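Here's a walk through the model you're about to see, chain by chain, with stops at a few residues.

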Amino acid sequence: MEKQPLLIVRNLKTHFVTWKGVVKALDGIDLEIYPGETLGLVGETGCGKSVTSYSIMGLLPPTQGTIVEGSIFFNGIELTKNVGKDVIIKYKGKKAKIKVNRRAYNKTQDFLNKIRGKEMSMIFQEPMTALNPVLSIGYQLTEPLIQHKKYELMMRILARHTLGDKDFEEIKNAVFGEEKERLMELSKDPLKYALIEQIKSIYYRKDLTSLQKNELLNELRKKKGISRFHLSVYKKIVESKYESIFFKIPLLSSYLMRPLREEANKKAIELLRMVNIYEPESLLSAYPHELSGGMRQRVMIAMALSCDPKLLIADEPTTALDVTTQAQILDLMKDLKERTSASILFITHDLGVIADMADRISVMYAGNVVENGNKMQIFYNPKHPYTRGLLRSVPTEETMKSKLHIIPGSIPNMIDPPKGCKFHPRCEFAMDICSRERPPMKEIEEGHYVACWLY
Amino acid sequence: MFDKMSDSWKPRIENFKITMKILLKSPASAIGLIIVLVYFIIALLDQVDPYILGITTNVNTLIPNYVNTAPQPPSWLTNPWDFSLPFGTTYPGINLYDGIIKAIRIDIAFSLFVVVSGAIIGIVLGVFSAFYGGWFDEIIMRLTDIFFSIPYLVLVIALGVFLGRSLEILSIGLIILWWPIYARVVRGQALSIKEQTYVEAARASGVKNSRIIFRHILPNTMAPIFVQFSFDLATIVLALATLYFIGFAPSNSWLPELGFLSSIGYEYAIVGDWWTIVFPGFALMIFALGMNLLGDGLRDALDPRLRR
Amino acid sequence: MGNTLIVGRGLKKFFEIKTGLFSRKRLNVKAVDGVDITINKGEVVGLVGESGCGKTTLGRLILRLIEPTDGELYYNPSEEILEKIKNGEKISQDELKKYSIFHMGKNDVRELRRHMQIVFQDPYSSLDPRYLIKDIIAEPLRSFGWDSKDAYSRVEELLKSVGLGPEFMNKFPHELSGGQRQRVAIARALALKPEFVVLDEPTSALDVSVQAQVLNLLDDLRKELDLTMLFISHHILVVRHIADRIMVMYLGKIVEIAETKEIFKNPLHPYTQALLSAVPVPDPKTKRMKIHLEGEVPSPVNPPKGCSFHTRCKFAFEKCGWTANELVEYLRLVMDPTRNEELKGNILDEIEIVSDTELIMRFKELENPGNIRGVIDKEKINNNIRAFYGIMGIEASGKEVKIKLYEPKVPELKNVGNNHFVACFLH
């Protein structure tokens with residue numbers, strides 16, 4: 001069976017309006033991400049990697065730039081229905097004006113909000129800008145859960161209190177035996193899934209002996225701390241999905257919310273454990289500025305994972321960190337990918353990091369994807385002259401004390417980029433046709449695509 | 001052989017062009033700029049040759065006409081094509097058009113003098129206090145605190161009482177009060193500029209402290225100074241007008257000043273001769289408005305974040 | 001004439017921070033904490049370490065761009081001075097004033113700027129935005145009295161040597177790309193024909209392809225001008241490419257020095273090993289043995305006693321400088337009878353830290369004092385709690401258990417042969 005891509009980007013063009021003219025940040029890029037894979041997006045400053053992620057998330061600043069053409073499909077849903085309606089760029093020769101239709105824009109954002117943060121989330125390069133400095137870590141982690149994940153939180157409580165011993169044993173054995181297929185099957189029942197999640201978080205704790213883990217499991221099964229009334233209401237809500245009514249009655253809602261807040265705290269602690277934070281309870285009351293860079297990035301990852309996203313966009317998540325911290329975070333991300341089976345769009349300029357993380361790699365240059373293939377193809381059989389140049393310009397053991405290969409010139413001006421292949425002014429193999437026509441993407445071996453006239 | 005001089009000026013002119021472009025992009029700051037230019041041109045023309053502006057005397061005082069002291073309405077009210085008295089006259093028979101034009105020049109000159117001297121003192125003290133820090137910084141900053149806590153009207157009036165009510169005393173009083181603003185603004189800027197790598201680079205290049213202060217730190221603190229400068233030009237004119245309006249002017253002086261012009265005719269304005277207060281008042285208000293609009297525009301135009 | 005260009009002994013730089021608005025107590029951030037450094041003529045020394053380890057501070061200290069807290073530093077020292085340093089003789093105040101960069105007057109230091117220059121990390125903030133490129137490069141020349149005509153012709157020469165055309169003379173920095181700016185910064189540093197250049201992360205803000213251009217340029221310039229360089233970077237692969245010798249820095253101290261090849265082949269300090277293993281290599285087939293460092297770099301305000309790396313070290317043992325406060329948490333954890341059944345009946349009340357090397361556990365009830373030692377040894381091995389290696393002796397008396405630790409000692413840099421120096425008790 002052919003796998004369907006989770007994310008499809010087709011001929012995406014994103015433009016920015018500046019003083020000097022229109023910056024064609026993305027000039028028709030194509031990407032696919034399949035379920036469970038990591039796609040690495042590499043390129044240098046100004047090639048449009050970050051713009052790609054902001055375009056996919058719909059986070060482009062509307063007064064500066066917007067998607068002008070192309071489409072993005074996520075899980076079969078088109079995210080770009082309103083292109084050309086909400087934010088409009090009017091071109092006048094080289095200059096342009098940008099206009100925001102507030103109503104249409106808000107509509108788009110409302111639509112995207114249903115997907116963003118739930119099925120798709122993002123890790124930013126500098127966590128300090130993404131975390132609110134005046135709110136505690138605990139608040140920032142639990143609030144979205146309480147607001148958007150009431151259903152899941154109720155499920156978690158119900159799973160603990162209503163599932164029988166037989167189910168419990170079955171799930172426990174599946175988790176502790178790491179029987180993946182069995183777990184997949186069990187996960188289809190949302191109630192069982194909620195329990196699997198909780199048992200998994202105990203199973204993956206590294207600081208406990210198996211004896212202590214068993215103790216915690218027993219703790220989990222003790223039916224305490226919640227009234228029968230709560231349980232029966234939760235059950236009603238979950239079954240009938242009348243959430244809105246119950247939670248809108250003033251006094252009742254706060255009464256109903258109390259166990260949910262506690263549960264959100266538990267979930268937050270689980271999330272923090274998941275990102276290898278050892279004493280998560282004490283972290284909940286801390287503020288972002290009290291944490292080190294690596295710690296902040298872990299919290300960011302925990303936040304991004306809080307809603308079990310199908311797609312995680314990591315925009316240079318380790319660039320601001322030290323190598324040893326970077327190694328910790330990268331291993332953590334690989335580990336989490338195994339556990340959550342999320343797809344990752346991993347954006348970086350560091351070829352070493354990409355070699356470590358990605359399954360497939362897309363190389364970007366000046367707003368285009370120039371080469372696309374799996375990790376081995378890109379690293380051992382690079383075809384595009386830019387990819388080759390890039391790989392050869394990294395200092396390695398062989399280049400010690402000798403000259404590095406260099407790509408002459410510098411990246412083109414994106415307001416007035418070269419015609420044809422944008423790399424031709426710097427390319428040692430440039431031909432006549434390169435300056436006239438854009439090279440199409442061509443498959444040269446299975447799954448390996450290159451946009452170059454040489455092939 | 002290319003002209004080296006023009007070559008090194010080209011990028012600077014280019015820079016200036018971008019500033020003007022951003023400034024003129026917003027209608028408000030464009031209007032502000034036009035108003036300010038008109039006022040300065042009027043002041044300049046009056047300085048060069050008052051006859052161009054249709055003023056018949058070039059003495060620096062208001063000329064009372066004791067023959068007919070009662071205010072006369074603007075001439076175009078009775079005959080639409082007669083502009084001999086465009087703004088009418090005020091008590092005692094002073095031609096308001098003459099008076100306002102002269103007052104604009106005097107006010108602008110006074111304001112420029114006060115603000116420029118205050119700014120120079122403030123900038124120098126501010127930048128030194130930021131650069132050297134320590135006790136010097138402490139003293140300067142406490143001094144500014146003291147000056148900030150004195151209401152300027154009270155101090156100037158007190159100075160006037162003790163030293164005599166002349167324009168010179170007044171300007172000295174205002175300068176004393178105005179430099180701390182600049183010292184504060186410059187110090188704040190300079191403290192952050194001081195930490196920039198290019199200052200360290202200059203030191204590593206063997207550049208002497210004085211040159212670092214005046215050639216690296218100072219030029220980079222100028223943007224907010226210009227903004228402050230344009231606001232203050234208006235504020236000082238208003239302050240002077242306020243002082244003259246409340247009667248700070250020497251009793252027998254006929255100095256053309258907008259506040260004074262409004263004050264001498266206001267008794268007549270109450271009984272219906274509106275022009276005696278409306279025209280000088282408007283002249284004052286529009287100048288202040290223009291200056292403030294320009295200041296706001298400058299703030300945007302000089303903001304490096306908006307220049308990319 | 002000696003071969004040594006720069007010798008520094010006991011370099012220290014502490015930054016003072018105020019602890020609170022009203023408190024008088026001040027804390028010292030020990031950015032550089034007793035570093036000895038020797039740089040020979042014509043060599044490129046790489047200085048690597050993670051952010052906050054003090055490498056940037058050390059670079060600036062050598063140029064005396066910041067005022068030192070302690071130490072002495074000689075530029076081009078005479079045989080006499082070298083001999084004295086080697087033999088550990090005291091150098092007189094007069095000699096210090098005359099030769100040591102840290103003790104000279106301002107004008108003498110300024111004079112030295114002709115010979116010692118620096119290139120900064122961020123090419124965006126190291127060029128004054130209001131200056132034209134030609135004036136930026138000419139600045140060091142002008143400050144040493146060149147007239148403008150000579151200076152500008154030298155600028156043109158310099159631009160050419162860093163691969164930029166004369167058309168760049170009349171441009172502002174914001175018109176240039178990152179790589180071009182860094183070239184300008186290099187040209188400025190080379191304007192006075194210095195012998196020694198500190199390069200503080202010169203390629204960290206640049207892209208890979210631009211980095212390659214700058215590295216090649218530096219390589220050319222070095223050969224052409226016979227430069228001595230101190231290359232500071234956190235990017236170990238870049239340092240390997242350019243440096244002859246590498247110094248590894250951790251928490252204000254140098255932990256290892258060796259020739260580049262040697263240090264990559266045979267890293268001795270556990271920190272160096274972890275650092276090297278964490279570097280991502282752009283080759284998907286390389287499966288590295290990753291040595292994971294746990295936790296974060298400790299605060300330089302209060303660095304660990306003894307070897308400052310011992311808190312994160314996989315091999316830390318008795319002598320590494322464990323202190324009482326590092327044991328407290330572990331003891332609390334381990335003394336729990338629900339965790340270790342052997343301790344049934346022991347109820348811990350409190351743990352008092354007497355001194356760095358002594359602590360007392362007070363029990364409410366103490367039924368099995370004899371098992372404490374056994375439990376500690378078991379946990380030490382089974383759960384790899386390295387802090388317990390620091391325990392020298394356990395004495396029980398009444399309901400108190402006294403634990404004594406080894407005296408913390410700081411490891412000195414030691415030559416292990418092959419000009420390979422390492423500050424670790426293992427070697």
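In which strand of chain C is C:Arg245 found? C:Arg245 is in strand β8, which covers residues 245–250. Helices here are DSSP runs of H or I with at least four residues, strands are runs of E with at least two, and both are numbered from the N terminus.

Some ground rules before going on. This is a predicted model, where local features need pLDDT of at least 70 and side-chain atom pairs count only at pLDDT 80 or more, while totals for chains, interfaces and linings use all residues. Residues are numbered from 1 along each chain as its sequence is written, chains are lettered from A and ligands numbered from 1 in the order in which they are written, and side-chain values use heavy atoms, with hydrogens and water left out.

**Chain C, residue by residue**

Back to C:Arg245: its relative accessibility is 15%, so it counts as buried. The cut-offs are under 20% relative accessible area for buried, over 50% for exposed, and partly exposed in between, with a 1.4 Å probe and protein chains only. The side chain of C:Arg245 gets to the backbone oxygen of C:Thr38 at 2.7 Å. If you leave out residues up to four places away in sequence, C:Arg245 still touches a list of residues that includes C:Thr38, C:Ile39, C:Glu43, C:Val44, C:Val45 and C:Gly46. Also among them are C:Ile257, C:Ala258, C:Glu259 and C:Thr260. A contact here means heavy atoms within 4.5 Å.

Now hop over to C:Gly34, which sits in strand β2 (residues 26–40) of chain C. Is this glycine buried or partly exposed? With 34% relative accessibility, C:Gly34 counts as partly exposed. Its touching residues, again not counting those up to four places away in sequence, are C:Gly10, C:Leu11 and C:Lys12.

As a whole, chain C has 13 helices and 15 strands. Its C-alpha atoms fill a box of roughly 90 × 60 × 50 Å along the principal axes. Of its contacts with a separation of 6 or more, 65% link residues 24 or more positions apart. On the charge side, chain C carries 61 positive and 60 negative side chains, and the centres of the two sets lie 1 Å apart. Lys and Arg count as positive and Asp and Glu as negative, leaving out His and the chain ends; each charge is placed at NZ of Lys, CZ of Arg, CG of Asp or CD of Glu.

**Chain A**

Chain A has 18 helices and 14 strands. Its radius of gyration is 25 Å, close to the 23 Å that the globule rule gives for 455 residues, so chain A is as compact as a globular protein of that length. That radius is taken over C-alpha atoms, and the rule is 2.2 Å times the number of residues to the power 0.38. The C-alpha box for chain A is roughly 80 × 55 × 50 Å along the principal axes. In chain A, 65% of the contacts with a separation of 6 or more come from residues 24 or more positions apart. The 67 positive and 55 negative charges of chain A have mean positions 7 Å apart.

**Chain B**

Chain B comes to 12 helices and 2 strands. Along the sequence the order reads α-α-α-β-β-α-α-α-α-α-α-α-α-α. Its C-alpha trace spans about 75 × 55 × 35 Å along the principal axes. Residues 24 or more positions apart supply 72% of its contacts with a separation of 6 or more. The mean positions of its 21 positive and 21 negative charges are 14 Å apart.

One residue to look at here is B:Ile286, in helix α12 (residues 275–301). B:Ile286 has a relative accessible area of 30%, so it is partly exposed. Which residues does B:Ile286 touch, not counting residues up to four places away in sequence? They are B:Ile35 and B:Tyr39. B:Tyr39 is 247 residues from B:Ile286 in sequence, yet their C-alpha atoms are 9.5 Å apart.

**Surfaces side by side**

Accessible areas come from the Shrake-Rupley method with a 1.4 Å probe, and for residues only the protein chains shown count as cover.

| Chain | Accessible surface | Share from carbon and sulfur atoms |
|---|---|---|
| Chain A | about 21300 Å² | 53% |
| Chain B | about 15200 Å² | 69% |
| Chain C | about 18800 Å² | 48% |

As for burial, 53% of the 455 residues of chain A count as buried. For chain B it is 47% of 308 residues, and for chain C 55% of 427 residues.

Terms used: A polar contact is a pair of N or O atoms within 3.5 Å; within protein, one must be able to donate a hydrogen and the other to accept it, and residues adjacent in sequence count only if both atoms are side-chain atoms.
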